[in-house]
There are 2 protein chains.
Amino acid sequence: MQLVTIEDIRAAARRMSGAVVRTPLVPCVWSDDDRPLWLKPENLQAIGAFKVRGAHNALAKLAPEVRARGVVAYSSGNHAQAVAYAARVASVTATIVIDDTAPGLKVAATRALGAEVRLVPLDQREAVAVELARDLGATLIPPFNHPDVIAGQGTIGLEIAEDLPDVAVVLVPISGGGLASGIGVAIKALCPGAAVFGVEPELAADTRDSLRAGELVRWPAAQRVRTSADGLRAEPSELTFAHLREVLDGILTVSEAEIRSTVGLLARRARIVAEPSGAVAPAAYLHRADELPAGPTVAVVSGGNIDPVLFDEILRETPATG
Amino acid sequence: MQLVTIEDIRAAARRMSGAVVRTPLVPCVWSDDDRPLWLKPENLQAIGAFKVRGAHNALAKLAPEVRARGVVAYSSGNHAQAVAYAARVASVTATIVIDDTAPGLKVAATRALGAEVRLVPLDQREAVAVELARDLGATLIPPFNHPDVIAGQGTIGLEIAEDLPDVAVVLVPISGGGLASGIGVAIKALCPGAAVFGVEPELAADTRDSLRAGELVRWPAAQRVRTSADGLRAEPSELTFAHLREVLDGILTVSEAEIRSTVGLLARRARIVAEPSGAVAPAAYLHRADELPAGPTVAVVSGGNIDPVLFDEILRETPATG
């Protein structure tokens, strides 16, 4: 299988300039001296998550006459808004298929970005999107299972290597695996001495099981939906799994309580709003020190689209001192 | 009076590389079409506020043998931690004089950065700091009344001009005026068509009165302390006032209710934690549109060190839709 290369990622970065926030590394003065921590705050992207990088790269790579016929995506999460936003930046039409049980807030946010939204039953989402793309002559932008999407997410790794060339450990959340695949390729190419660890919720640790087994192990959806990290309920594809086997040094899992308390700590001490999925990498730093090498560490905060009621609840249980 | 120049600010930027976070501009998809808004999130600095820029520049400019004798500052706010942090980065000794009524949390945070803390009654703070500096042969780093501090804060304006050369409006909070002085000098030099507005709380609008009168008008401290924006209770010096008269196109004021609701909106929709002082510039964007020109607008979020209890309280009164 053809894997994404560092050249693909460099090309993605050139396409992305101006359309995507070039996030800084945020130093954490409260981290351990022998393993100083920096956060990569992708919650600062226009739609509050890293997904806009892959969406933008996939759109930008389309031939102008293809792009002009518009794009389609199916998602109830950050990918919906990422494609809607990237399409708006590129002045093309986006149609997003969302399941009819998704929160009204997410539907409204996607519409506010100028996308047309189709609400359908969850189990028809993908089929409707495929049909729509065919009927419209539009291009389907997948959330992770595409080399251009992986290369787009990989620009995060490129930026980490630029800003902290002596990084020793990079912690990345894993869901469908596009983010970790792209970042892993970039880090292994540019900082070969650094270790890249994936992080999953204990309640959705299918990728850990897959890596142990050496082949894709599927967890029933009913199990994966239990985690509060709603962005981490997808599973790797053959394409992303092939990357993960190549670039990951290991996988760590974190508990729901650890995810919650890390959301609170990030608000109190790093002054950023993270969603549960965005907090798993810093949670692994905080709670899995014994499974990690020492040295300069980067934890990717993948997004900040947290349910407001949940955020308030978590803050109430977070002590003032963090 | 000799004003800070764009060359001073460029030199400060060269000194600062690596020691200070190069913050991005964060696009706000919810802003008005004819005046798109970007935030400059200085809450992402290591100590949660822009103050580290000026402190770092002032330290870096000292001759090595002078710097080796250490630095002294007096502050109960972000300047204390900024000097402590900059001193730690430069491996020099910092002694910070804090009033004995300051919250224990702030004292602990300053000590955690490696500074020695002296607690004294509020009215003796400055005198003790001056005496200490003399006894130790150390250098006093003032919070705003110094060209090197102003030039350091001005690097924010340099970055805004680099990232958004066609910026039309820049909104900056005003307290002692060092931040607005530095940013104003940079913007007027690099984006001469852009308007720079200072923003004050209605309850501490002494600089508005001073600009109207053409000379420094003092508000009694008892009045200035009423605002929840505790970082905006200082007054300009002759030096910063001379800059502000030169570079500001106007001053806007915002109410306490507007400041509070903006802290909530920034958490909900921009996914950043701002302190009340850090929210006044976006509050002016939101609530003073009729007093502002149209066009691309940047609001500086100066810091994120909000009292946790206040933050939780504000979130409870902020609707889920922001």
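Let me start with one residue of chain B. Setting aside neighbours within four places in sequence, B:V83 is in contact with B:A55, B:V71, B:A73, B:A94, B:I96 and B:I141. Contact here is defined as C-beta atoms, placed from the backbone, lying within 7 Å.

This is a predicted model, where local features need pLDDT of at least 70, side-chain atom pairs count only at pLDDT 80 or more, and totals for chains, interfaces and linings use all residues. Residues are numbered from 1 along each chain as its sequence is written, and chains are lettered from A, with ligands numbered from 1, in the order in which they are written.

Back to B:V83. Together with A:V83 and A:L171, B:V83 touches the most other members of the largest nonpolar core, which has 210 residues. A nonpolar core is a set of buried Ala, Val, Leu, Ile, Met, Phe, Trp, Tyr and Cys residues joined through C-beta atoms within 7 Å. A residue is buried if 20 or more other C-beta atoms lie within 10 Å of its own, exposed if 12 or fewer, and partly exposed in between. In soluble globular proteins, nonpolar side chains tend to be buried together.

Next, two strands of chain B. Helices (H or I, at least four residues) and strands (E, at least two) are DSSP runs, numbered from the N terminus. In strand β8(B), residues 195-201, six of the seven residues are buried. Strand β7(B), residues 169-173, pairs with β8(B) in the parallel sense over five bridges; two strands pair if DSSP finds at least two bridges between them. Within that pair, B:V172 stands opposite B:G198.

Now the sheet in chain A. What is the order of its six strands? The order is β1-β2-β10-β7-β8-β9, in an open sheet with mixed pairing. β1(A) and β9(A) stand at the edges with a single partner strand each, so one side of each has no neighbour in the sheet. From one strand to the next, the twist averages 30 degrees. β1(A) runs antiparallel to β2(A), joined by three bridges, and A:C28 stands opposite A:L37 in β2(A). Helix α13(A), residues 276-287, lies across β2, β7, β8, β9 and β10 of chain A, at about 155 degrees to β10(A). For that angle, axes are lines fitted to C-alpha atoms, for helices over the stretch in contact, and angles run from 0 to 180 degrees between N-to-C directions.

Chain A has two domains: domain 1 (6-48 + 146-316) and domain 2 (52-140), with bounds from an automatic or database domain assignment. Their centres, taken over C-alpha atoms, are separated by 24 Å. The contact takes 21 residues from domain 1 of chain A and 14 from domain 2 of chain A. On the domain 1 side, α7(A) gives the most, with seven residues.

One residue of chain A is A:R125, in helix α6(A). Is A:R125 buried or exposed? A:R125 counts as buried because it has 20 C-beta neighbours inside 10 Å. Beyond four places in sequence, A:R125 is in contact with A:Y74, A:V97, A:D99 and A:V120.

Last, the two chains together. 29 residues of chain B are in contact with 29 residues of chain A. On the chain B side, the largest share, five residues, comes from α14(B). That side divides into 19 nonpolar, five polar and five charged residues. Ala, Val, Leu, Ile, Met, Phe, Trp, Tyr, Cys and Pro count as nonpolar, Asp, Glu, Lys and Arg as charged, and the others, Gly among them, as polar.

Definitions and conventions: Two residues are in contact if their C-beta atoms, placed from the backbone, lie within 7 Å.
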